[in-house]
Amino acid sequence: MSEPRTRSLPLAGGFAATAAARARAREGVGKTKIEAVNFNFYYGSFKALDKINLAIPQGEVTALIGPSGCGKSTLLRAINRMHDKTPGARAEGLLTIDGESIYGDEVDPILLRRRVGMVFQRPNPFAKSVFDNVAYGLRVLGERNSKRIKERVEWALRRAALWDEVKDRLNATGTSLSGGQQQRLCIARTIAVEPEVVLMDEPCSALDPISTLKIEELIADLRGSFTIVIVTHNMQQAARVSDYTAFMLMDSQTRAGQLVEFGPTARLFTNPTDPRTEAYLSGHFG
Amino acid sequence: MSLETNMLTYAQRSRIDKALRGCTIVATAIAIVPLVLIIAYVLIIGGGALNRDFFTQTYRPPVPVGVDPITGLPVEGMEEGDLFQVQARGGVLHGIVGTLMVTITALLFSLPIGVLAGIFLAEYPDTPLNTFIRFCSDVLSGAPSIVIGVVGFTLIVKQMGTYSGIAGAIALTFLMVPTIARTTEEILKLVPNAVREAAMAMGAPMWYSTLTVVVPTALTGIVTGALLAFARGAGETAPLLLTIQGNSNLSFNMFAPMAALPILTYKYIESPFPAENQLAWGTAFVLMMLVLGINLLVRATTARIKR
């Protein structure tokens, strides 16, 4: 087997290795993790993304905001190639992770997705026990040692602030939890394998305000250890959780999504350079 | 308002509603009558044939009333008409054993083929091969069962040189595979795509996510399909007549002619002896109970899905 492109996953060494991996992630905070250079995306003949140029920094939270149809979800899903199964979907231009092209010919999408995890809009736990849900990714990676799996499941559930609520019912099915718990279970499932990047596609839109708050606290807690990219409809949420914000808009003529402005969240929200950003943030449209 | 001029009054609409509801109730009743009659007939006539011998004995030739069963000589005072007044003797243990062995073997053959075909139909829908297989499967499930019997006879019985249980199992497999494949396909299509996406985003290859997430999610539905296919196979007569032939003795040899409940029903009902006709009703009763039991099992499993 060729040398895997993934950094060696810290499954073998238990917590020490995990801590080391997190430390490595912290060292690189602020460096460019994911970069788009003149990136276009098509569904058949329809151009959904038009010349996106964006550099997502490592270890920080980047929010993608914009009105419906602006292509923010398309961009997010392009990062771990979730469009591969969509007939007619294709990418053009450059999208890289650690300088490697995500759409390169030699890239194995399965290895890519092991580095780039994803949390979806609707909680989608498997019809398995809470424990098996979190252990799923570890088993996908081939981990068979039940002691190590146990350790990692507990670690991930603690990290997802769910351990105290489910530690007595790890054998209950994942779907029996409340909506907010299910979403934190999905986050635990994603981070259990310690991906480098966690993509979140409107993770709170199906949740009540209290569950939303918990997820937001969780994102703040995961910041630094993971590079997080979050799509949200909720501007306040973007302002609360993110370090950087990308504002996207659909071109009125071509209907293709474009990046209007990208910058530190504090700056973009208080002092946007593009008048369209200002109009959107002040609620004039969208 | 001009709209109101064309409107029926509330009383008129209620009358139409009642009339139409009456029609549906009558139609349903007409549909149910034959069903109730069949069940009642089989219960009353067939239920009477059931006793311990029925389940523990195999075929025994009927003995005329008035004939000594050991010497075969007429007992004194016998009249000619009594020859057909025979005692019901023996049972259908050989049929029960044959039906279970043949149908279970057929299920073992058709389950892996059917489930894998169903997975292919549901998970790889955009290939020309898929359309072709779906078409073939539909044609096969609509094929008259006697045709399946003839095919089984030509392909297996003639080649083997003998009727056999295994030939019957293969013929039933032809019938059961399409049923299992299509129910598996339908149930897999009900598995939310979000679940597939979740597994995909975890870096699971497609085969792994299908085996560990998609199929387990749909497992109860797949079991339901298999049970329904089993019930269908257990009740088939025509394919078995031409493949396992029937056997009056208890046989566990899958490579020799075997008995089966539907064949016994068919043979006994043609018999000139009323006692054997009674056995036919009894086998029909057992067969119906078998199918009914499987259907109840299906209901129990689907109730678990809904929960």
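Begin by selecting helices H6 and H7 of chain B, where H6(B) passes H7(B) in a right-handed crossing. Keep in mind throughout the tour that this is a predicted model. H6(B) covers residues 145-160 and H7(B) covers residues 165-189, and the two pack at an angle of about 145°, with their axes 9 Å apart. To see what lies between them, show the side chains of B:Ser145, B:Ile148, B:Gly149, B:Gly152, B:Ile156, B:Val157 and B:Met160 in H6(B), which meet B:Ala167, B:Ile170, B:Ala171, B:Phe174 and B:Leu175 in H7(B). If you colour this contact by residue class, you will find 9 nonpolar and 3 polar residues, with no charged ones.

Stay in chain B and select helix H4, residues 93-123, together with helix H5, residues 128-142, which pack at an angle of about 130° with their axes 9 Å apart. That angle is why H4(B) counts as oblique to H5(B). The crossing of H4(B) and H5(B) is left-handed. Sorted by class, the contact of H4(B) with H5(B) comprises 4 nonpolar residues, 1 polar and 1 charged.

Now bring chain A into view and turn to the place where the two chains touch, a contact that takes 16 residues from chain A and 15 residues from chain B. On the chain B side, select helix H8 (193-201) and helix H9 (206-217), each of which supplies at least two of the residues that touch chain A. H8(B) gives the largest share of that side, 6 residues. By class, the side of chain B that touches chain A divides into 11 nonpolar, 2 polar and 2 charged residues.

The last stop is helix H4 of chain A, residues 130-140, which is mostly covered, with 9 of its 11 residues buried. Select A:Val130, A:Asp132, A:Asn133, A:Val134, A:Ala135, A:Tyr136, A:Gly137, A:Leu138 and A:Val140 to display these buried positions of H4(A). What covers them? Among the elements over the buried residues of H4(A) are helix H5 (146-159), helix H6 (163-166) and helix H7 (179-191) of chain A, together with H9 of chain B. Finally, step past the end of the helix to A:Gly142, which follows H4(A) and has a positive phi, near 95°.

How values were computed
Residues are numbered from 1 along each chain as its sequence is written. Chains are lettered from A and ligands numbered from 1 in the order in which they are written. This is a predicted model: local features need pLDDT of at least 70, side-chain atom pairs count only at pLDDT 80 or more; totals for chains, interfaces and linings use all residues. Two residues are in contact if their C-beta atoms, placed from the backbone, lie within 7 Å. Helices (H or I, at least four residues) and strands (E, at least two) are DSSP runs, numbered from the N terminus. Ala, Val, Leu, Ile, Met, Phe, Trp, Tyr, Cys and Pro count as nonpolar, Asp, Glu, Lys and Arg as charged, and the others, Gly among them, as polar. A residue is buried if 20 or more other C-beta atoms lie within 10 Å of its own, exposed if 12 or fewer, and partly exposed in between; C-beta atoms are placed from the backbone. Axes are lines fitted to C-alpha atoms, for helices over the stretch in contact, and angles run from 0 to 180 degrees between N-to-C directions. Angles under 35 degrees count as roughly parallel, over 145 as roughly antiparallel, 65 to 115 as roughly perpendicular and the rest as oblique. A crossing is left-handed if the near helix is turned anticlockwise from the far one by less than a right angle, and right-handed if clockwise.
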